[in-house]
Amino acid sequence: MEEVKLIGTWPSPFSSRVIWALKLKGIPYEYIEEDLSNKSPMLLQYNPLHKKIPVLVHGGKPIYESAVILQYIEDVWPQNPLLPNDPHERAVARFWVQFAENKVPCIWRLFRTTGGEEQEKVNKESMEMLRALEEHGLRDKKFFGGDKIGIAEIAYGQVAHWLEMIEDLVGVKLIEAHTFPYLHAWTKNFNQVPLIKENLPDYGEMLMYFKRARDNFLTSRGPGM
């Protein structure tokens, strides 16, 4: 088997996406922690265009962008499939992955707000995204594809784990059992899958890391901006 390496950072939900997929597939790999404040020659070699993580290196060939990496992993290692067999169900799963790429970034815009009209606007956008997941993605299902975790779960992992941290830092609450019962149950189900639970960043460490990042961002932005 050709060597598999993953260049990532521990707090990144996008690195975690790839880790979860590799773990669920049972693929051995070498993990390389990247320092984004002092990017390594390896990262610059393998991702010279964007200079971002994660990067999967398989047999010396790099693949980047986490959603693309997930599809690559599914194509190369078909065991323990993350996509269903039925063509329509596969298309639906891919739709929800693309929806995640387009809509979930709003929670990170919420992370950068401090109140007022800006926060109200992003909060509304986030609620609309969550409502779409509740009413059209999950409904009364345990997971997006039914009873088994799949590629859509991996795409929305940041909603299941990172969003709670954002809520704590910003001082808002978006996912509650009485507002989004299916989504609330889904987050619990996702975080209790053994291979996911064993490979989640520590919440306390993550909270401290992102608090520093948010404070630094707000300081650099300055008052009134």
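How much space lies in the largest pocket? In this predicted model, the largest pocket holds about 770 Å³ of space. Its lining is made up of 29 residues, and those closest to the centre are Ser12, Phe14, Leu36, Ile53 and Phe210. Several helices contribute to this lining: α1, α3 (66-76), α5 (106-111) and α11 (203-221) each supply at least two residues. The most comes from α11, which gives four residues. Sorted by class, the lining of the largest pocket has 15 nonpolar, nine charged and five polar residues.

Helix α1 (residues 13-25) lies across β1, β2 and β3, and runs at about 155 degrees to β1. The sheet itself is open and has four strands in the order β2-β1-β3-β4, with mixed pairing. β2 (30-33) and β4 (61-64) each have a single partner strand, so one side of each is left without a neighbour in the sheet. From one strand to the next, the twist averages 20 degrees. Strands β1 (residues 4-8) and β3 (residues 55-58) run antiparallel and are joined by four bridges. Within this pairing, leucine 6 stands opposite leucine 56 in β3.

The second largest pocket holds about 430 Å³ of space. It is lined by 22 residues, of which Pro84, Glu89, Phe144, Gly145 and Gly146 are the closest to its centre. Two or more lining residues come from each of α4 (87-103), α6 (116-138) and α7 (151-155). Helix α4 gives the most to this lining, with five residues. By class, the lining of the second largest pocket divides into 11 nonpolar, six polar and five charged residues.

Note on methods:
Residues numbered from 1 in each chain as written. Predicted model: local features only at pLDDT ≥ 70, side-chain atom pairs only at ≥ 80, totals over all residues. Heavy atoms only, no water. Pairing = 2+ DSSP bridges. Axes fitted to C-alpha atoms, helices over the stretch in contact; angles between N-to-C directions. Contact = heavy atoms within 4.5 Å. 1 Å grid on protein atoms, 1.4 Å probe; cavity = no way out; pocket = protein on both sides within 12 Å on 5 of 7 lines; lining within 4 Å. Points joined across faces, edges and corners; volume = space filled by probe spheres on them. Nonpolar A, V, L, I, M, F, W, Y, C, P; charged D, E, K, R; others polar.
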